[in-house]
Amino acid sequence: MGSAKPLARYASLTGYIDLGRSLSVEPVQLLRSVNLDPAGLELQDRWVPAASIARLLELSAAATGRQDFGLRLAERRRLSTLGPLSMGIREEPDARSALRMLIRYQHTYNEALFIEVIERDGLATVVLRVETGEPMPVRQSVELALAVIHLLLQHLLGDRWRPVSVSFEHQRPDDDSTHRRIFDAPLTFGGDYSGIVMYANDLDQPNRLSDPLLRGYVRQALDELAAPEAPTLEQRVRELVELLLPTGRCSVEQVAQSLGVDRRTVHRHLAKSGQTFTGVVDATRAELARRLVASRRHTFTEISEMLSFSAPSSFSRWFGQQFGMSPREWRNRSEE
């Protein structure tokens, strides 16, 4: 079958729980309804299917009756949500180079988001599109991304900066007051593209956050972070296994569904590198067990549940077979 569908990091949902509760819905239930683990929100660098995030945002907008849900979520974001990428953007000398860096390294944050800058007649248009790999509404995802880019530009250029105009491919909402408040610019709905129009010379304005002494170091760090090639299916399988294992839903069927392929494709790709799905699960479970037991944050009963064992005694026997000592002995040695 086709290649794996795009993934996005849990950081895309920063502030989601608080926003949902402030709008009188139960965000945990909505997360579970699209097969996202609420506990995973604490692991912001974990990858999940971008389609699941897009679907969650649309469901949340419907459940709250707020067509501005994506915009409200964007208001809870900070530049630091982009992780190491935020450090790089902060140190670029001007807005043009900061946007170039965002475009270059966007795949390290969200594989479904595509951004380009088109300059013509003294104007620069930041155009974006969201491609989740399947036909579905992406209105909230688009508005979230546009608002985040707008906030980024204000970080770089100052709070007094305003775009020339903002365009949306989708239709105008019943109430566009949040749109007008956030963007503070003429709005077009039902347009040919979704994007922000600004004066081209704004791109050459100095980045007020930049520290030239840090620029070389930051670029080197980002180059080391971002692999030149796209993540392989094998890498995605391992990441999803680690994500799904504590939920009790770590099956090859669930992993295949998250990747947008069938189970045979997963088995075939793993076999090419001499691996099996069971082997990946066992290795991931062992690594998680080693880390969790060494920490005092969880009881052994909690760890056995997180690793999908039927009982703590089963976990203890398995741990002893894996590491040659009991979980308690491992924890005690870790504290020495």
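Modeller: Let's start with Phe319, which has 0% relative accessibility and therefore counts as buried (under 20% relative accessible area; exposed is over 50% and partly exposed lies in between, with a 1.4 Å probe and protein chains only). Please keep in mind that this is a predicted model, in which local features need pLDDT of at least 70 and side-chain atom pairs count only at pLDDT 80 or more, while totals for chains, interfaces and linings use all residues. Residues are numbered from 1 along each chain as its sequence is written, and side-chain values use heavy atoms, leaving out hydrogens and water.

Now to the rings. Ten aromatic pairs turn up in a search of the whole structure; rings of Phe, Tyr and Trp (its six-membered ring) pair if their centres lie within 6.5 Å, and planes count as stacked under 30 degrees apart, edge-to-face over 60 and tilted for the rest. Phe319 and Trp330 have ring centres 5.9 Å apart and planes at 85 degrees, so they form an edge-to-face pair. Because Phe319 sits in helix α15 (residues 312–323) and Trp330 in helix α16 (residues 327–335), the pair ties together parts eleven residues apart in sequence. Helices here are DSSP runs (H or I, at least four residues), as are strands (E, at least two), numbered from the N terminus. Phe319 and Trp330 also belong to a cluster linked by ring pairs, together with Phe309, Phe315, Trp318 and Phe323.

The largest has 64 residues, and Leu13, Tyr16, Leu36, Leu128 and Phe183 have the most contacts inside it. Helix α7 (residues 139–157) gives the most to this core, with eleven residues.

Back in the largest core, take Tyr16. Beyond its neighbours within four places in sequence, Tyr16 is in contact (heavy atoms within 4.5 Å) with Pro27, Leu30, Leu31, Leu56, Ser60, Phe69 and Leu73.

For contrast, finish with Gly190, in the loop between β6 (187–189) and β7 (194–199). Gly190 is partly exposed, with a relative accessible area of 38%. Its C-alpha is 4.9 Å from that of His170, although Gly190 and His170 are 20 residues apart in sequence.

How values were computed. Core = buried A, V, L, I, M, F, W, Y, C linked by side-chain atoms within 4.5 Å.
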